Amino acid sequence: MLHMNEIQSSPFDEIAREYDKEFEEHWVTQHIRSVIWKELLKRFKPSEHILELNCGTGTDALYLARNGIRVTGLDASSKMLEVAQRKADNSIVSHALTFLNINNEDLNTLNGKQFDGALSNFGGLNCNKELLSVISNVATLIKPEKYFVACLINRVYPWEIVSFAIRGKFKSAFRRFQKEGIDARLGKTSVHVWYYSVGEFIRILPPYFSVENIFGINVFSPNPNSRAFIFKHESLTKFLLTLDDKITHRSPFYLLGDHVLVVAKRK
C-alpha cells in the first residue's frame with residue numbers, strides 16, 4: 001500500500017524510471033546486495049515488522065517480505081515509491097508491504113510507532129546533514145534489543161582515490177574528504193551528499209545503539225559505477241568480489257570499502 005498525503009519532490013524522481021535498470025539489475029550490485037541480505041536475515045525474523053528508510057524502488061523490502069517479514073518503507077521520492085508499489089503489486093507479498101512518502105528527517109511524523117528493527121541501505125543516510133537527529137529518531141522507533149542495519153557511503157575508498165589519481169583527476173580523487181559534502185549528479189539534477197568515516201558514524205550511535213558488526217562493501221573490488229573497468233575486466237572484477245567476501249568483516253579492511261555496513265543493537 002502506498003500512502004502519499006502530501007507528495008514530496010526529490011532529486012531522485014529524475015532517475016526513478018531507469019533506476020532498476022541502471023543500478024539494481026547490475027550484476028555487481030546484485031552480488032554485494034546478496035552479502036547485505038545475508039546479514040539482514042540474521043537480524044530480522046519472520047513475522048517481525050521492519051522500518052526501511054530511503055527504501056528506493058523497494059528491492060530490499062520485497063526481499064524481506066518474501067522471507068516472511070513485514071516492511072514499512074519510507075522514501076522522499078514519490079516516483080521511486082511508485083516503482084516500488086508496482087513491483088509489490090506484481091508480487092505475492094504486497095500484503096506485507098507499506099510505502100510512505102516520508103523523508104529521513106521527518107521520522108517524527110510516525111508518532112513513535114514501534115518496529116522490530118530498521119534498515120537504511122546504499123547511502124541514503126549520506127543525504128542527511130543532520131545525521132545525529134536522524135539516528136536519534138530511529139532509536140525512538142525501534143524496540144529494545146532490536147537491530148538497526150545501516151549501509152553508508154564511506155569517506156575512505158582507496159579504489160576511487162587511485163582510479164581518479166592515475167587519470168590526473170586529483171580533485172575527484174579526494175572529493176569524499178570535503179567537509180561540506182558535494183553535489184552528486186542524478187540525471188539532469190543533483191543531490192547533496194555528505195561522506196562519513198566509519199569512526200564518525202559509530203561515535204554517534206551511543207547512547208542509543210551498541211555496535212555488533214562492521215563490514216566493508218567493495219573493498220578491493222570496483223563499485224557498480226565503475227562500469228568501464230567492470231566491462232573491460234569482468235573476470236578480474238569477479239575475483240576481487242570473491243576476495244572481498246573473505247575479508248569484508250576484518251580489520252582494517254572494513255574501514256576501506258566504498259560502503260560500510262554497520263549492524264547495531266538498540267540499547
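Is Asn111 buried or exposed? Asn111 is exposed, with a relative accessible area of 70%. The legends below take up this residue and others.

This is a predicted model, in which local features need pLDDT of at least 70, side-chain atom pairs count only at pLDDT 80 or more, and totals for chains, interfaces and linings use all residues. Residues are numbered from 1 along each chain as its sequence is written, and side-chain values use heavy atoms, with hydrogens and water left out.

View 1. Asn111 sits in the loop between strand S4 (97–100) and strand S5 (115–120). Helices (H or I, at least four residues) and strands (E, at least two) are DSSP runs, numbered from the N terminus. Phi of Asn111 is about 55°, although Asn111 is not a glycine. Glu145 belongs to strand S6 (residues 142–153). Its phi is near 70°. Glu145 counts as partly exposed, at 49% relative accessibility. Buried means under 20% relative accessible area, exposed over 50%, partly exposed in between (1.4 Å probe, protein chains only). Most residues other than glycine have a negative phi.

View 2. Pro207 lies in the loop between helix H8 (198–204) and S9. Pro252 is in the loop between H10 and strand S10 (259–266).

**View 3. Helix H6 (residues 158–165) has a buried face.** Glu160, Ile161 and Phe164 are buried. Seen down the axis of H6, these residues fall within an arc of 100°, so they line one face of the helix. The arc is that of the directions from the helix axis to the C-beta atoms. The buried residues pack against helix H7 (170–173).

**View 4. Ser10 is a buried loop residue.** Ser10 lies between strand S1 (2–3) and helix H1 (16–24). Its relative accessible area is 12%. Not counting residues up to four places away in sequence, Ser10 touches Ala76 and Ser77. Contact means heavy atoms within 4.5 Å.

**View 5. The largest nonpolar core has 43 residues.** Such a core is a set of buried Ala, Val, Leu, Ile, Met, Phe, Trp, Tyr and Cys residues joined through side-chain atoms within 4.5 Å. Ile36, Leu40, Phe44, Leu64, Leu97, Phe99 and Val149 touch the most other members. H2 gives the most to this core, with five residues. Apart from it lies another core, of 31 residues, including Leu53 and Tyr196.
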